[in-house]
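Subject: Structure handover

Hello,

Here is the structure I promised to pass on. Please look it over, then read my notes below.

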Amino acid sequence: MSCKPVSLKAKIVLQLLVWVPLLATAFAIYSLWGRFITSKDLIILVVGYTLCALGITVGYHRMLTHKGFEAPDWIRGFFLICGSMAFQGPALNWAATHIQHHANSDEDEDPHSPVKSFFHAHVGWILDDFRPDVQRYAGPLLKDKLVVFISNTFVLWALLSLVIPYLIGGWYGLLWGGAVRMFLNHHVTWAVNSVCHTYGNREFVTTDQSRNNLLIGLLAMGEGWHNNHHAFPRSANHGMHWWQIDPSAYIIGGLEKLGLIKSVVRISEERRAKRRVSADVAEERDVLPGVILETGAAAAVMAGTMAEVVTQAAAQHPPL
Ligand SMILES: [Zn+2]
Ligand SMILES: [Zn+2]
């Protein structure tokens, strides 16, 4: 699944997926002058945006990639289908790409680090020859029949996310609920990769450049608290203070209260306090149970830490 060159057809599709929503959004804004947006258009846009965004944040990211909670198949299926509708690729590809990001964050093997360039981190990496290595980074997920099925039928769900707004609102429904919604979903998610590794504050010590950013926190359903997330990837909550708005965590908390999901991963204040003063690479690389990450910075830091321990021990206990 890895290392195959990207075909010309795939390159054309990727270019279209990036530029068509941008041009369609410009057209949608232009068309406002000739025809006011109706409440129906706005509802289709807001509902579509919210479902797709939660599909990515709650479904693809916190549930599938990091196993931040456990859910029955009907809830997993719902969120994974919503995630597929966001046009960000099949669930397995998304998870593998994201785990590769955590494993090599802001190092050479990071698929989308702003260390290369802000444009590369935002969208350039998608237009490049990047291919996710599902076997290597998301191997355990290949045993999950539901995940494999929804991943393999990605095109169906993605197209459905265009057909539904068209059936409800005609061509303008497709414009607002399809293209504009896709444009917003894409750029807000991509901003987590670009903006949240460049601008914002850092509460926890991590080996990467991750930041907490209020604006992206609000737009991306809580995913903008990205330094918190890199410090504790398994945590179902990315917001870690009452003022760090995290709608995805509120949905997860609500489902837990209703008894619909279980084993929600949360981080104690004691663990947080430790990470405010020092890095913990093992905790940073604990991204998905069953995936052992010892690549890139992790391996270097682990090797460095081990060398340091050995050196210190040797200094304290010189050989006789
Ligand atoms: Zn990141
Ligand atoms: Zn993550």
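H5 and H8 cross in a right-handed sense. (A crossing is right-handed if the near helix is turned clockwise from the far one by less than a right angle, and left-handed if anticlockwise.) The axes of H5 and H8 come within 8 Å and cross at roughly 145°. Axes here are lines fitted to C-alpha atoms, for helices over the stretch in contact, with angles from 0 to 180 degrees between N-to-C directions. On the H5 side, the contact is made by Phe 118, Ala 121, His 122 and Val 123. On the H8 side, Trp 190, Asn 193 and Ser 194 make it. Contact means C-beta atoms, placed from the backbone, within 7 Å. The residues of this contact divide into four nonpolar, three polar and no charged. (Nonpolar covers Ala, Val, Leu, Ile, Met, Phe, Trp, Tyr, Cys and Pro; charged covers Asp, Glu, Lys and Arg; the others, Gly among them, are polar.)

This is a predicted model, in which local features need pLDDT of at least 70 and side-chain atom pairs count only at pLDDT 80 or more, while totals for chains, interfaces and linings use all residues. Residues are numbered from 1 along each chain as its sequence is written, and chains are lettered from A and ligands numbered from 1 in the order in which they are written.

More on H5. Helix H5 spans residues 118-127, and Ala 121, His 122 and Trp 125 in it are buried. Buried means 20 or more other C-beta atoms within 10 Å of the residue's own; exposed means 12 or fewer; partly exposed lies in between; C-beta atoms are placed from the backbone. Seen down the axis of H5, the buried residues fall within an arc of 130°, so they line one face of the helix. That arc is taken from the directions from the helix axis to the C-beta atoms. H8 is included in what covers the buried residues of H5.

Now the overall picture. The protein has 14 helices and zero strands. Helices (H or I, at least four residues) and strands (E, at least two) are DSSP runs, numbered from the N terminus. Of the 320 residues, 43% count as buried. Among contacts between residues at least 6 apart in sequence, 70% join residues at least 24 apart.

Next, the core. The largest nonpolar core has 60 residues. (Such a core is a set of buried Ala, Val, Leu, Ile, Met, Phe, Trp, Tyr and Cys residues joined through C-beta atoms within 7 Å.) Ala 91, Leu 92, Ala 95, Ile 99 and Ala 138 touch the most other members. Elements that give two or more residues to this core include H2, H3 (73-84), H4, H6 (134-138) and H7 (145-152). H8 (154-194), H9 and H11 are also among them. H8 gives the most, with 13 residues. In soluble globular proteins, nonpolar side chains tend to be buried together.

H2 and H4 form another pair. Their axes come within 10 Å and cross at roughly 65°, with H2 at residues 39-65 and H4 at residues 91-103. The crossing of H2 and H4 is right-handed. Tyr 60, His 61, Leu 64 and Thr 65 in H2 meet Ala 91, Trp 94, Ala 95, His 98 and Ile 99 in H4. The residues of this contact divide into six nonpolar, three polar and no charged. Leaving out residues up to four places away in sequence, Ala 95 touches Tyr 60, Leu 64, Thr 65, Ala 138 and Leu 141.

Leu 45 also lies in H2. Leu 45 counts as buried because it has 22 C-beta neighbours inside 10 Å. Leu 45 touches Trp 176, Gly 177, Val 180 and Arg 181, again not counting residues up to four places away in sequence.

- Met 221 sits in the loop between H9 (214-219) and H10 (226-231). Its phi is near 55°, a positive value in a residue other than glycine. Met 221 is buried, with 26 C-beta neighbours inside 10 Å.
- Ser 263 is in the loop between H11 (247-257) and H12 (269-277). Its phi is near 50°, also positive in a residue other than glycine. Ser 263 is exposed, with 11 other C-beta atoms within 10 Å.
- Ser 278 lies in the loop between H12 and H13 (281-284). With 8 C-beta neighbours inside 10 Å, Ser 278 counts as exposed. Ser 278 and Phe 204 are 74 residues apart in sequence and 7.8 Å apart in space, C-alpha to C-alpha.

Best wishes

Technical notes: Two residues are in contact if their C-beta atoms, placed from the backbone, lie within 7 Å.
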